[in-house]
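These are my notebook entries on a structure I went through chain by chain. I wrote down what I looked up and what I found.

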Amino acid sequence: MSMMRLPAALAVAALLAVGAAACGGDSDDDGATATQAAAGATTGGEGGGAGGPVSIVASVPPTDHGWLGAISKNAQAAADEFDDVDFRLLEAADADSQAQQIEQVISDRPDALVVLPQDGAALTPVAQRAEAAGIPVVNVDRLFTAPDAATATILGDNYQIGVLAADYIARRLDCRGNVVEIQGLAGISVTEERTRGFVDELRKACPDGGIDIVARQPGDFNPDTGLRVMETILQAQDRIDAVYTHDDDMAQGVVQAIRNAGRDDEMFLTGVGGSQDAMEQIKEGGLYEATFLYNPNMAASAVNMARLIALGEGFPELVPPEVPRQIIVPAATVTSENVEQYEQYAFN
Amino acid sequence: MTTSPASGPGTAAAPPSGGGRARRLSGVRLQEYALVLVVIALFVAGSILKPDSFPTWDNVRNMLTQASVVGVLAIGMTFVIATAGIDLSVGSMVAAAGMFGGVLVDPEGSTLLFVFGALAFATALGSINAIAVAYGRVVPFIATLAMFSIARGIALLLNDKLPVGLLELNGGSFGDPAPFSLMWFGTGRILGIPVSVYVFLGVVVAGWLVLNRTRYGRYVVAVGGNREAARIAGVPVRRTILSVYVLSGLLAGVAAVLLCARLGSASPVSGNLYELDAIGAVVIGGTSLAGGRATIVGTFLGVLTFALIFSLMTQLDLSTEVQQVVKGAIVLGAVLIQRPEARL
Amino acid sequence: MAPVLEVRGLVKEYPGVKALKGVDFAVERGEVHCLLGPNGAGKSTLIKCVSGAVAPTAGEILLDGDPLPVGDPSASLRRGVATIYQELDLVDELTVAQSVFLAHEPRRGPFLDLERMRRDAAALLARLGHEAIDPRTKVRELRPAAQQVVSIARALSHDVRLLIMDEPSAILDDGEIETLFGVVRRLTADGVSVVYISHRLDEIRRIGDRVTVLTDGRTAATDLPAATPTDELVELMVGRAVEQLYPERPHASGEVVLDVRGVRRLPSVRAVSLQVRAGEVVGLGGLVGSGRTELLRLIYGLDAPQAGEVRVGGRRLPPGRPDRAIAAGLGLAPEDRKSQGLLLDWSLTKNVSLADLGRFERGLLSVRAERAAAREQLQRLRTVPADAERAVRELSGGNQQKVVLARWLLRSCRVLLLDEPTRGVDVATKAELYRVIGDLAAAGVAVLVVSSELGELVGICSRILVMREGETVFEVDGERASERELLRHAVAPTETADLIEEVT
Ligand SMILES: Nc1ncnc2c1ncn2[C@@H]1O[C@H](COP(=O)(O)OP(=O)(O)OP(=O)(O)O)[C@@H](O)[C@H]1O
Ligand SMILES: [Mg+2]
């Protein structure tokens, strides 16, 4: 029965992925491989073929952050949907302990692994070992650095997040004004991509310039760091029109700094992620105007993919039915106009 | 300064000649003066590089407000380090205390309840450190490293990893919050000076008095300087060690109130790595990590140094990588000009 | 022929202090040259300049007529200058053998020759009459006198031409000193020169050839014969004659204040009972390692006894609680001032006031009152420098000892336990200290003094007990005691003066 009831979301996600890859192809090299069939799809499922339960282990960083919290919740929820999935969720405090954890898991020989690595590069070798041991790995969100480290990959498009934010701000400011960017954690690909997409698109959207990025500082995805950084930037800049922040949770600190300074009428702000708080503030109107999200539901898709791979099956909509090698979940812009549509995806 | 009449016992070897004043400029005192120079230099540099926005009353006020959170922690840390201990858990305790207070007043409660809850909870966590170190004889590094993890875990558990909004507590609002609302502690002002700055300066002054002008303060430093000698001189060694970790916890609670009051919410991920800033401020201030030598004035200047560095570099919008190099260089430079005798 | 060591116009300035203001002296081949001077005169500073531990500010140091590079300890060592410092400078965690050969370990190829290290260390220790010290024990486990022996062995492990010893006898007992002198005589017979610093003037005649007196950083007299009368030497050092070394002997009058009943803590102390009356000065003599220090620790509550009890004024003290002992009126000046007495980075004032801060508390501490009170006690003991805000670390050894004593003078105690109170203290101050002890007793304080200088016990005590192997074996009235008799009881009947090591 599970065969027949392939969740609609997954099918949609897969199709969207093809689309996203197609239009994002010029900016994201990896997009071109989106429709490549999963290499390990037919070799991985020793345990599952007989119809017995499929064992899937998911390994994620500590889920103390809103978006990551939603990831683990969604993964668990997706696994609960299936009777034939024996699911285990492991959290690791840092990259080292995550590697050790996976090492441990390899010896348990699960049918599939879902990994959201703390640090893609650091965890690539252990993922390769899992693959070499015949355990298919589904890589979520943060990329491994070698192609043979994962059977399938599902990730958000951080570059596109930046692009959407630039589009929104450029249009809203009519290509004229001072913008502050509060980044996430410096030095990780998520942050770099969100900044790169933003800068590239701003250049495209306003070919004659007009928008100055007057400050760009990391806020470490923490509300209290966001607060401190924004307080200081407010001292230095006497005219700010828009603030592009990399994360909704962190943005709460930035919002607070602006309000404490009594300058909330002077500017507007955007976030990333789609937290409930952010959506509520968008609905209310005012300082918080928009957020850009790629859905933490991708974790559910990852579990579904892992299950199909373990069972040696594929997406029936694809011809032949197989599991795509890479799925890129599209990003979307949420504003007061369409916030109702997205509220169901909000996480807290 | 003393009015030391150089009248020795007359018959014995005469007291060595030499500048009485210059002599006292040694050790801790000299370090304090050197750090003043660093603070002034940073301020001057800021004023030159950002003449419009840096040397303004508004900016000074902002820097002091920002410094207040880590500043309060650093005063507690000075006491802990004076006993040759360390408290790695203060950042996590800030988060846990804020979350505890937050959960207590959610959905309804008063500022008083929040403040009391945060202080009590942080003090309780600090007491666990204290008991582990003083009675369990666990090395401070390990005991507080465990608390670092436990307190962070508790902060996340308390509200299922979610922050708690505190904006409305007792009529708090932006701009000019009602006196004794929670936001008033963060952004309210008396005579133009933020309440949190009063709290910070109050803790500094109280810390100075306790450390330098009470028997207890003397005991704290004695325990760090030579535990066996202190014991033989009648210092209640265990009780003294116990007390500094409790104090550090209590001050983490104060810091939590100051932080939440500015943030308008309690966040389980706040306070990350505050312990490093606090320890850094204490050590560049001239307090010895080996214990036995402690200076509140130095810690205060250390906190100001870090606040100035942060403000200056953020205002200049230096990129992170450059910031890290510059910050490290300033810290190293500040330590080097302070102790020529400590260099090998 | 040039002298082995010649020092000319040596000056050493520390920030704010001129420790040496121009010192000249010369050491000939094969002689034992004694260096005398009051506490803080600059003796240790002088020899540290020679050993390279510190660099002089000005002046010349010639070794066999050649200038010695300054501030370079390894250069001094290479040229045959070995030094035993006043303060023990061993690394606690190393073994005896490792300590002896630290920084010049014998090697076989690229590897340490551990076997040879052990053998050679054992041979050196045997030469010093201490076969019982196992080269494999850790320094930490040895008592101070044994550590001193290890320091000496380390000095001798070099190819030494000039051996410098800074108060080596301070922590040795009479028997051990005799062994040390035997070694020194053998060395000088081989042509080695020795610089010997001590505050025990009787030793000069026993071992010295010539004497140099330093006062206040200057050479007051040099090339004096060892036979110079003690009075004359004292006058050179102090600038006046010390007429009376010992004050009038106090006589017990009051009731029993300190009552020790059968305390035991093996292996050091077995069932010791003693009583000290108000106004009495009781001496506790014996060899190093006979359990005297441990007994004081038990009385003071630093260690808990396995049996027995301590009463003060009739009330039993809870075991293992020094704070309660202090509250009951006890004070202890410990033997090892550096590790147990002082906070080296603190000022003199703070060190003195530590045990009695309560009396300066008027809400907050009154720093002014604290300074005044500390200064009074320090001056009473002629502590140099007079500036009580200096760090104790910068003080000479004898002056550091005075700071510990001043602490307990400040806190008026009912019972004062003094462990080797005059160790490293100069003659004039000793006389002063004896007077202070006498005054305290006259004021009704019960004093218990541990000393390895049996002469001083005979000089000042109302009553003397001798301990041997953890037990009191002899008791005598101070009036009737003699040094010789005390020593005879201190040494076990079957043993001679070369003494067994006791590893604690
Ligand atoms: N590190 C230092 N810094 C400052 N002053 C110092 C330092 N070391 C020694 N002094 C000072 O130099 C003077 C001479 O000290 P030194 O230790 O040489 O005396 P000493 O003759 O060995 O005395 P003692 O008999 O007490 O051992 C003293 O006044 C002392 O305070
Ligand atoms: Mg000396």
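**Entry 1, salt bridges in chain C.** I began with a network of salt bridges that links C:Asp259, C:Arg261, C:Glu309, C:Arg311 and C:Arg316. I keep in mind for every entry here that this is a predicted model. As a reminder to myself, side chains of opposite charge can pair when their charged atoms come close. Over all chains, I noted a total of 54 salt bridges for the structure.

I then looked up C:Glu420, which forms a salt bridge with C:Arg292, and the closest N and O atoms of the two are 3.8 Å apart. C:Glu420 sits in the loop between strand S21 (415-419) and helix H15 (427-442) of chain C, while C:Arg292 belongs to helix H9 (residues 292-300) of that chain, so this pair ties together parts that are 128 residues apart in sequence. Are these two residues buried or exposed? I found that both C:Glu420 and C:Arg292 are buried.

Next I turned to C:Glu93, whose salt bridge with C:Lys138 has its closest N and O atoms 3.8 Å apart. This pair, too, links distant parts of the chain, since C:Glu93 lies in the loop between strand S6 (81-84) and helix H3 (96-100) of chain C, and C:Lys138 lies in the loop between helix H4 (114-127) and helix H5 (144-156) of chain C, 45 residues away. C:Glu93 is partly exposed, at a relative accessible area of 44%, and C:Lys138 also counts as partly exposed, at 29% relative accessibility.

I checked the UniProt record, an unreviewed entry, which places the feature "domain: ABC transporter" at residues 5-241 and 252-494 of chain C.

Over residues 111-131 of chain B the chain is 100% helix and 0% strand, and its end C-alpha atoms are 30 Å apart. Over residues 241-264 of chain B the figures are 96% helix and 0% strand, with the end C-alpha atoms 35 Å apart.

Within helix H5 (residues 111-134) of chain B I picked out B:Asn129. Which side chain does the side chain of B:Asn129 meet in a polar contact? The partner is the side chain of B:Ser89, at 3.0 Å. B:Asn129 has 1% relative accessibility and therefore counts as buried, the cut-off for buried being under 20%. Leaving out residues up to four places away in sequence, B:Asn129 touches several residues, among them B:Asp87, B:Met93, B:Thr144 and B:Tyr245.

I also looked up a salt bridge inside chain B, where the side chains of B:Arg231 and B:Glu228 meet at 3.9 Å, N to O. The two are three residues apart in helix H10 (residues 227-232) of chain B, which means that about one helical turn separates B:Arg231 from B:Glu228. B:Arg231 counts as partly exposed at 26% relative accessibility, and B:Glu228 is partly exposed with a relative accessible area of 24%.

Chain A has 11 helices and 12 strands, and buried residues make up 60% of its 348 residues. Among contacts in chain A between residues at least 6 apart in sequence, I noted that 74% join residues at least 24 apart.

The area buried between chain A and chain B is about 2,600 Å², and carbon and sulfur atoms give 51% of that. On the chain A side, A:Asp224, A:Arg228 and A:Gln235 lose the most area to chain B, together 23% of what that side buries.

Between chain A and chain B I found two salt bridges, and one of the pairs I looked up is B:Arg262 with A:Glu231, whose side chains meet at 2.7 Å, N to O. The interface also holds 12 residue pairs in polar contact.

How values were computed: Residues numbered from 1 in each chain as written. Chains lettered and ligands numbered in written order. Predicted model: local features only at pLDDT ≥ 70, side-chain atom pairs only at ≥ 80, totals over all residues. Heavy atoms only, no water. UniProt positions renumbered as here; feature names shortened; annotations may be inferred. Buried area = accessible area lost by both parts, 1.4 Å probe. Salt bridge = Lys/Arg side-chain N within 4 Å of Asp/Glu carboxyl O. Polar contact = N/O pair within 3.5 Å; in protein donor to acceptor, adjacent residues only side chain to side chain. Helix = DSSP H or I, 4+ residues; strand = E, 2+ residues; numbered from the N terminus. Buried < 20%, exposed > 50% of the residue type's maximum accessible area, 1.4 Å probe, protein only. Contact = heavy atoms within 4.5 Å.
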